[in-house]
Amino acid sequence: MTSEPSRHCTVELQALPSRIGQIRRIISAQLRYWHVDGLIDHAALGVTELLTNVHRHAQPDKTCTVDIELLLGRLTVSVRDRDPRLPDLNVADALATCGRGLAMVAAVSESWGARPFGDSGKVVWFTLPAAAPSPVVAVPGHAVYGSTTTGLDVLVAVAAVPGLVPVGPAVDGPRPGQVPVGPAVVG
């Protein structure tokens, strides 16, 4: 996690296929700079899908703005374009070659949504938890608990490993103050 409470990066572009790879590289570099490398794959996948939607569907033009913000242990990635039509989450056929973008964003993100922006645009966004891993301490005779980059406590070793002790409770859900993983939210 970062030492600053908030970090922000904005890029304006035309959502053309040649630019999408550049934006992925910019976001990857920015996340490495912020020391949240574990978010790169999901952030790059999500922004690729959102920019592809702008390229395929946005009218009257493909101009858009990508914002990434790291604030209080959560990365928010948003894409704002000039088309007021809100996207639909489709259930794609198993053999479909398109129509899965938002479902993929929903699958890899903590939350996502869309909202109108001004009179003639919209913002589509998703969030990823960016909590730093907690230190793992081993005590002989018990299992070890730690934290993943998602911020959820998980069992990382079991009693089958002799000599280890739990260092904290295993939690089946988000930590206090963390947004639970759930269905898409518009707004």
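Arginine 85 and aspartate 83 form a salt bridge in which the closest N and O atoms are 2.5 Å apart. The model is predicted, and the count of salt bridges in it comes to five. Strand S5, residues 122-129, is mostly covered and pairs with S3 and with S4.

**Salt bridges**

- Aspartate 61 and arginine 82 meet through their side chains in a salt bridge, with an N to O distance of 3.1 Å.
- Aspartate 61 belongs to the loop between helix H2 (40-57) and strand S2 (63-71) and arginine 82 to the loop between S3 and helix H3 (101-108), so this pair ties together parts that are 21 residues apart in sequence.
- Aspartate 61 is partly exposed at 22%, and arginine 82 is partly exposed at 44%.
- Arginine 74 and glutamate 110 form a salt bridge, their closest N and O atoms being 2.6 Å apart.
- This pair links strand S3, which holds arginine 74, to the loop between H3 and S4, which holds glutamate 110, 36 residues apart.
- Arginine 74 counts as buried at 18% relative accessibility, and glutamate 110 is buried at 4%.

**Strand S5 and its partners**

- Lys122, Val124, Phe126 and Leu128 point one way from S5, while Val123, Trp125, Thr127 and Pro129 point the other way, and all are buried.
- S3 (residues 74-81) pairs with S5 in the antiparallel sense over eight bridges, and leucine 75 has leucine 128 as its bridge partner.
- S4 (residues 111-116) runs antiparallel to S5, joined by six bridges, with serine 111 opposite threonine 127.
- Five residues lie between the strands in the hairpin of S4 and S5, where glycine 118 takes a positive phi near 65°.

Technical notes: Residues are numbered from 1 along each chain as its sequence is written. This is a predicted model: local features need pLDDT of at least 70, side-chain atom pairs count only at pLDDT 80 or more; totals for chains, interfaces and linings use all residues. Side-chain values use heavy atoms; hydrogens and water are left out. Buried means under 20% relative accessible area, exposed over 50%, partly exposed in between (1.4 Å probe, protein chains only). Helices (H or I, at least four residues) and strands (E, at least two) are DSSP runs, numbered from the N terminus. Two strands pair if DSSP finds at least two bridges between them. A salt bridge is a side-chain nitrogen of Lys or Arg within 4 Å of a carboxyl oxygen of Asp or Glu.
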